[in-house]
Amino acid sequence: MATFNVRGKNIEVTPNLREYVEKRVGKITKYFDNVNEIAVLLTVEKGRHIVEVTAEVPGGLVLRGEESTMDMYTSVDLVVEKLERQIHKQKTKLEKRMREGGFKAEAVEDPPTRVDTGDGSEEYPIVKTKRFVVKPMDVQEAIMQMNLLNHNFFVFRDAQTNEICVVYKRADGAYGLLESDN
């Protein structure tokens with residue numbers, strides 16, 4: 001049984017809302033033997049009701065989905081549909097990865113920092129820093145993980161060359177690969 005961490009930002013998480021979230025989002029657990037924790041962030045911002053769901057599933061994979069509408073319950077329903085589409089789309093690859101053991105990218109956020117040169121020159125401020133373990137995988141696994149996280153890029157270590165690489169989603173819907181030229 002997965003544990004839920006349901007938090008609200010600019011919204012009170014009532015018992016009824018919490019129950020609805022746990023019931024609807026809990027549907028994704030039927031696809032996996034064991035889901036450790038499902039984190040759900042409910043936010044109201046400028047009249048938009050945003051639902052963000054992050055779930056760590058067996059094999060060290062992370063599912064992530066976000067939806068925004070004018071109604072919180074509709075946003076919950078849509079994010080569950082999005083997660084289920086991701087699972088179905090990646091089903092064969094997910095099954096293969098879970099049989100092989102999987103991988104895990106652990107992200108840790110640092111507090112925001114601001115760079116002040118003191119001489120009046122401008123620098124680009126760093127507003128968020130993430131550190132994560134870069135595990136070896138092939139390009140297809142990296143693309144699958146990027147899609148599951150719903151990100152536009154993913155940093156990984158190439159399993160054959162041991163080099164740090166980046167896969168990214170192009171504007172035309174295709175994928176790109178960045179390799180270092182040492």
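**View 1. The β2–β3 hairpin and its turn.** Strands β2 and β3 make a hairpin with 2 residues between them, and K46 in the turn shows a positive phi of about 55 degrees. This is a predicted model, so please read every view with that in mind: local features need pLDDT of at least 70, side-chain atom pairs count only at pLDDT 80 or more, and totals for chains, interfaces and linings use all residues. Residues are numbered from 1 along each chain as its sequence is written, and side-chain values use heavy atoms, with hydrogens and water left out. Helices (H or I, at least four residues) and strands (E, at least two) are DSSP runs, numbered from the N terminus. K46 sits in the loop between β2 (37-45) and β3 (48-57), and it is not a glycine. Most residues other than glycine have a negative phi. With 83% relative accessibility, K46 counts as exposed (buried means under 20% relative accessible area, exposed over 50%, partly exposed in between, using a 1.4 Å probe and protein chains only).

View 2. Two strands pair if DSSP finds at least two bridges between them. By that rule, β2 and β3 are antiparallel partners over 8 bridges, and I38 stands opposite A55 in β3. On to the next pair: β3 and strand β4 (residues 61-69) are also antiparallel, over 9 bridges. Here E56 has V62 in β4 as its bridge partner.

**View 3. T69 in strand β4.** T69 is found in strand β4 and, at 18% relative accessibility, counts as buried. Its side chain meets that of S75 in a polar contact of 2.7 Å. (A polar contact is a pair of N or O atoms within 3.5 Å; within protein, one must be able to donate a hydrogen and the other to accept it, and residues adjacent in sequence count only if both atoms are side-chain atoms.) Leaving aside neighbours within four places in sequence, T69 is in contact, meaning heavy atoms within 4.5 Å, with G47, R48, H49, T74, S75 and L78.

**View 4. Helix α2 and its cap.** D71 caps the N-terminal end of α2, with a side-chain oxygen 3.3 Å from the backbone nitrogen of Y73. Among the buried residues of α2 are M72, S75, V79 and L83.

**View 5. The largest nonpolar core.** This core has 26 residues, and those with the most contacts inside it are I38, V40 and L42. (A nonpolar core is a set of buried Ala, Val, Leu, Ile, Met, Phe, Trp, Tyr and Cys residues joined through side-chain atoms within 4.5 Å.) Two or more residues come from each of α1, β2, β3, β4, α2 and α4 (139-149), and α2 gives the most, with 6 residues. Beyond its neighbours within four places in sequence, V40 has contacts that include V6, V21, V25, V51 and V53.

**View 6. F156 and the second core.** A second, separate core of 10 residues includes M137, L149, F154 and F156. F156 lies in strand β8 and is buried, with a relative accessible area of 0%. Although F156 and V166 are 10 residues apart in sequence, their C-alpha atoms are 6.2 Å apart in space. Contacts of F156 outside four places in sequence include V134, M137, A142, I164, V166 and L177.

View 7. An open sheet of 4 strands runs in the order β7-β8-β9-β10, with mixed pairing. β7 (136-137) and β10 (175-179) stand at the edges with a single partner strand each, so one side of each has no neighbour in the sheet. Strands β9 and β10 run antiparallel, joined by 5 bridges, and Y168 has G176 in β10 as its bridge partner. N162 is in the loop between β8 (153-158) and β9 (164-169). Its phi is near 65 degrees, a positive value in a residue other than glycine, and N162 is partly exposed, with a relative accessible area of 47%.

View 8. The protein chain averages a pLDDT of 81, and 80% of the residues score at least 70; pLDDT is the predictor's confidence in each residue, from 0 to 100. Confidence is highest in helix α1 (residues 15-25), at a mean of 94, and lowest in strand β5 (residues 107-110), at 41. Over residues 102-115 the pLDDT is below 50, and this stretch has 35 contacts in the model beyond near neighbours in sequence.
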